[in-house]
Amino acid sequence: MIRDKSSKPKAKGAIAVTPPSFRRERALIKRGVWPVAGCDEAGRGPLAGPVVAAAVVLDPKRIPKGIDDSKRLTAERREELFEEICATASFAVAFASPARIDRDNILRASLWALTRAVQALPENPRHVFVDGRDRLDVACDCDAVIGGDGIVMSIAAASIIAKVTRDRLMCALALDCPGYGFETHKGYAVPEHREALDRLGPSVHHRRFFAPVVAAREKHYPENVVVERDLFTLETQIVTEFPVAV
């Protein structure tokens, strides 16, 4: 048997990851359906900051190379692709604030922001792909794709826009509220964030009814604490409302 010396043997147990494709969008284009948008959000899990949703319509003739699920990219590569997507695609971003999360729940707030992002696109899409299980209440056909950010190119592009936008916002919030480390953990419930929360108490950017935030409020402001619900472990939680069309 002749072995191709140019090919490297795969490591035992290695799993090949297939990048997202533009196949579903192209199938719709062939049927005359256009524009086709992909949308995704970032920030459902953190204790602080908004949920950021993005909707993206890629230009079929100018798709940046290397678009992938934002979680599979380094921060540096996300920043590069963010700039390339902004330069070649049409997109919109919407925010669901901690106040909206507190008032509703994280799932409903996220769906609200995703819908607002779609509505803020420069041109109304005729079809939307959204990451997750829930379809959006938009004025066109909508397909929910579980794990869509790793399958559908337009959703992957939206995941990059949402993630980079939120990371930049959390760095800005770190200047407004120093000491919590927002610039490093971006509001997620890592030990460093929990320690700062316990030491400093909640900021105006924290989600009031997530369990670690409730505990910090009880410690620092016991006379003002009214525990209505614990949204930290629920999949149904919410955020702010600043739709931005770009």
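**Close-up views of a predicted protein model**

**View 1. The buried side of helix α7.** In helix α7, which spans residues 191-200, His 193, Ala 196 and Leu 197 are buried. Buried here means under 20% relative accessible area, exposed means over 50%, and partly exposed lies in between (1.4 Å probe, protein chains only). Those three residues cover an arc of only 100° around the axis, which puts them on the same side of α7. The arc is that of the directions from the helix axis to the C-beta atoms. Among the elements that cover the buried residues of α7 are α6 (182-185) and α8. Gly 201 follows α7, and its phi is positive, near 85°. Helices (H or I, at least four residues) and strands (E, at least two) are DSSP runs, numbered from the N terminus.

A word on the model: it is predicted, so local features need pLDDT of at least 70 and side-chain atom pairs count only at pLDDT 80 or more, while totals for chains, interfaces and linings use all residues. Residues are numbered from 1 along each chain as its sequence is written, and side-chain values use heavy atoms, with hydrogens and water left out.

**View 2. The whole protein, for orientation.** Step back for a moment and you will find 8 helices and 6 strands. From the N terminus on, these elements run α-β-β-α-β-α-α-β-β-α-α-α-α-β. The protein has 246 residues, and 50% of them count as buried. Look also at the contacts (heavy atoms within 4.5 Å). Of those with a separation of 6 or more, 66% are between residues 24 or more positions apart.

View 3. What length should you expect for α2? At 1.5 Å a residue, the 14 residues of this helix (residues 75-88) should span 20 Å, and its end C-alpha atoms are 20 Å apart, which agrees. The expected span is 1.5 Å times one less than the number of residues in the helix. Arg 78, Leu 81, Phe 82, Ile 85 and Thr 88 are the buried residues to look for in α2. Seen down the axis, the buried residues of α2 fall within an arc of 145°, so they line one face of the helix. Their cover includes β2 (51-57) and α5 (153-176). On the face turned away from the buried side, α2 carries the exposed residues Glu 76 and Ala 87.

**View 4. Arg 77 and its surroundings.** Staying in helix α2, we come to Arg 77. Arg 77 is partly exposed, with a relative accessible area of 26%. Its side chain is joined to that of Glu 80 by a polar contact of 2.9 Å. A polar contact is a pair of N or O atoms within 3.5 Å; within protein, one must be able to donate a hydrogen and the other to accept it, and residues adjacent in sequence count only if both atoms are side-chain atoms. Leaving out residues up to four places away in sequence, Arg 77 touches Lys 65, Gly 66 and Glu 84. From C-alpha to C-alpha, Arg 77 and Ile 160 are 9.7 Å apart in space, although 83 residues separate them in sequence.

**View 5. His 127 in strand β4.** His 127 belongs to strand β4, residues 127-131. Is His 127 buried or exposed? His 127 is buried, with a relative accessible area of 7%. Its side chain makes a polar contact of 2.9 Å with the side chain of Asp 143. Not counting residues up to four places away in sequence, the residues that His 127 touches include Leu 28, Pro 35, Cys 140 and Asp 143.

**View 6. The nonpolar cores.** The largest nonpolar core has 29 residues, and Cys 39, Val 118, Val 128, Leu 136 and Val 138 have the most contacts inside it. A nonpolar core is a set of buried Ala, Val, Leu, Ile, Met, Phe, Trp, Tyr and Cys residues joined through side-chain atoms within 4.5 Å. The largest share of this core, 6 residues, comes from α4. Leaving aside neighbours within four places in sequence, Val 138 is in contact with Thr 115, Val 118 and Val 128. A second, separate core of 23 residues includes Ala 42, Phe 91, Ala 157 and Ala 158.

View 7. Cys 140 is in no disulfide, and the nearest cysteine sulfur, that of Cys 142, is 6.8 Å away. At 18% relative accessibility, Cys 140 counts as buried, whereas Cys 171, at 32%, counts as partly exposed.

Conventions:
A disulfide is a pair of cysteine sulfur atoms within 2.5 Å.
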